[in-house]
Amino acid sequence: MPSFVCNPKDFWMGLLYLVVGGAGLFYGRDYVIGSAANMGPGFFPFYISCLLLIFAVISFVRSVTTTGEAVGPIAWKAIALITGGVLAFGFLIERAGLAMTMPLLLVLGALASDRFSLEWRTALGVIAFTLACAALFTYGLGLPIPILGSWFR
Amino acid sequence: MDMLANLGLGLVTAMTPLNLVYCFVGVFLGTAIGVLPGLGPVATIAMLLPLTFGLPPETSLIMLAGIFYGAQYGGSTTAILVNLPGETSSVVTTLDGYQMARNGQAGKALATAAIGSFIAGTIATLVIALFAPFLAQVAFNFQPADFFSLMVLGLIASVVLANGSLLHALGMILIGLLLGFVGTDINSGVARYTFDVPELYDGLEFVAIAMGLFGIGEIIANLEEKLDRSISLKSVSGSLPTREDWKRIFWPILRGTGLGSILGVLPGGGANLASFAAYAAEKKMSHHPEEFGKGAIEGVAAPEAANNAGAQSAFIPMLTLGIPSNPVMALMIGAMLIQGIQPGPTVMTDQPALFWGLIVSMWVGNLFLIILNLPLIGFWVKLVSMPYHLLYPIILGFCAIGVFTVSNASFDVYLMALFGVAGYLLRKIGAEPAPMMLALILGSMMEEYLRRALLLSRGDSTVLLTSPISAGILVICVVLVALVALPAIRRGRDETFAE
């Protein structure tokens, strides 16, 4: 972030608008815009993206002309563990199955808390919840969630 | 007489054993999440959506609706017992409710909240039954231009009621609209922003986005804050309201119900605004305003009646126009679409059993809630103090499994993870994700209506202003934006939210 920015939150929002609006224009460059009477698929995306770029400019101007509080610390550890767990769940659910994936997600997620410690009660809770999910979703509701995935077949 | 016949049909639908059971499940879960820390109705409804796939449409909507208004009930319990609002709509209840509990009147405060909510729920049910058919009738005459303007109003109103910067709330709407265009364009068949990913051809799965923004994102944000609660209260003491109390709360409940029913229809945070407004009104009208903040029973009765009435009247625009007024209603629309029902004015005529069954079920649900809350209060008190570090892995597990089951796609799980991070970071830089969520749902609908409107007018964009309905709605939009932009009102709005 440049040093002349006095309002960091506006700066980051401006950057967000710039990226989203820019991506909207760039990836939508081949969509036919058409006319008002006969709108093409690119009509709305084009004008919304342009508006976003205008919002980016306004936000950048505000970020140097006004002062505001700092963004504050970002919980990178929680982000990494929680999203890492969810991504792993998505990748492994059909490959390894619920029996492996759910405990992995629960433990990775729980590691994000300072209060977590690996002891027998935690293990019991993880097993109990996994069993409950299997009973409810796979057997009870008959949803196609594999208990053991394709790796084990 | 029509209304009686309709309510009769609704009663028959709501009273089938299956619907009664799911109504009970809904309000029970709703109360639980209202009581539990860090879990809101949006994430819960999104998580439980897959459980409703196998149910008949009316049963599924009855349960999901129960979760929403049940949460308003549960939220008041934590507000009174631990001075922490379970839901934002019960923030003002902490002011007098917690003071009453400290004065040894916790039981009376809880009973007042429950009775106020029940009376409000009953009246709001009648209000919906009276006005929804009328509104749907009006909506039948709406032209595409009118629908487009109405959706603009929905989005603008959600901005006005959003907490924080007007600029960034509008910006979030633009981002949401753009995200809403992802997928195959219904008119031209062109795949927009799909990057050759087959899962994106049908658009972004909004359940995954809702769970990401409001489930995963909340978890990451909550882990930063200390959410553990301790109850100083060992037992809930106090009795039911006396005859004297009844005299004091009778009019506040009715006034709260009135305010709630009107404000709840507004898009954005209807129920929240209603509870603030009802509290402020009672304080102004009271003969003993000095008691407010020190345990005035009116200060519990009025906002609780208002938020419950508001939660119910929020269904009016969703049911009659197919326009969501908040993220929960957006999910309800999603639930209807999954069941193959196109939301809009035709629901009432094509699916009368579903429409009236849902409305009457709200009254039945309120009856359940009063039965559930008064004797089971000890159980809820235990839930209030549930430590967050034990709770959130369970939420995480349910979110992951729930989003996967929507269409058995790992892609949706990745999408949820992505929007979880986005939701957390957006809150960090001061942007509200709710307007984005509404815009995402409305994006392609708005595009379609505007396209049709301009096709009919041969490209003349003044059609938005020459149609009286559309022009009127757009004038309201301009007034709303002007009101928020004016410094004096802006300050008042900030103070209301800061309280």
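The model is predicted: local features need pLDDT of at least 70, side-chain atom pairs count only at pLDDT 80 or more, and totals for chains, interfaces and linings use all residues. Residues are numbered from 1 along each chain as its sequence is written, chains are lettered from A and ligands numbered from 1 in the order in which they are written, and side-chain values use heavy atoms, with hydrogens and water left out.

**The interface**

The contact (heavy atoms within 4.5 Å) takes 61 residues from chain A and 59 residues from chain B. The two chains bury about 5200 Å² between them, 79% of it on carbon and sulfur atoms; this buried area is the accessible area (1.4 Å probe) lost on putting the two parts together, summed over both. Between the chains there are 13 residue pairs in polar contact, both residues at pLDDT 80 or more. A polar contact is a pair of N or O atoms within 3.5 Å; within protein, one must be able to donate a hydrogen and the other to accept it, and residues adjacent in sequence count only if both atoms are side-chain atoms.

On the side of chain B that touches chain A, α17(B) provides the largest share, 11 residues. Helices (H or I, at least four residues) and strands (E, at least two) are DSSP runs, numbered from the N terminus. That side of chain B divides into 40 nonpolar, 11 polar and eight charged residues. Here Ala, Val, Leu, Ile, Met, Phe, Trp, Tyr, Cys and Pro count as nonpolar, Asp, Glu, Lys and Arg as charged, and the others, Gly among them, as polar.

On a 1 Å grid over the protein atoms alone, a cavity is a set of points where a 1.4 Å probe fits but cannot get out, and a pocket is an open set with protein on both sides within 12 Å along at least five of seven lines; lining residues have an atom within 4 Å of a point. Grid points are joined across faces, edges and corners, and a volume is the space filled by probe spheres set on the points. The structure holds two cavities of 30 Å³ or more.

| Space | Volume | Most lining residues from |
|---|---|---|
| Second largest pocket | about 1200 Å³ | α19(B), nine residues |
| Largest cavity | about 70 Å³ | α5(B), four residues |

The second largest pocket is lined by 44 residues, and B:D202, B:L337, B:I441, B:S444 and B:M445 lie nearest its centre. The lining of the largest cavity includes B:Y73, B:E304 and B:N373.

**Salt bridges**

The whole structure has 13 salt bridges over all chains, each a side-chain nitrogen of Lys or Arg within 4 Å of a carboxyl oxygen of Asp or Glu. Between chain B and chain A the count is zero. One salt bridge joins the side chains of A:E69 and A:K9 (4.0 Å, N to O). A:K9 lies in helix α1 (residues 8–27) of chain A and A:E69 in the loop between α2 (43–65) and α3 (76–92) of chain A, so the pair ties together parts that are 60 residues apart in sequence.
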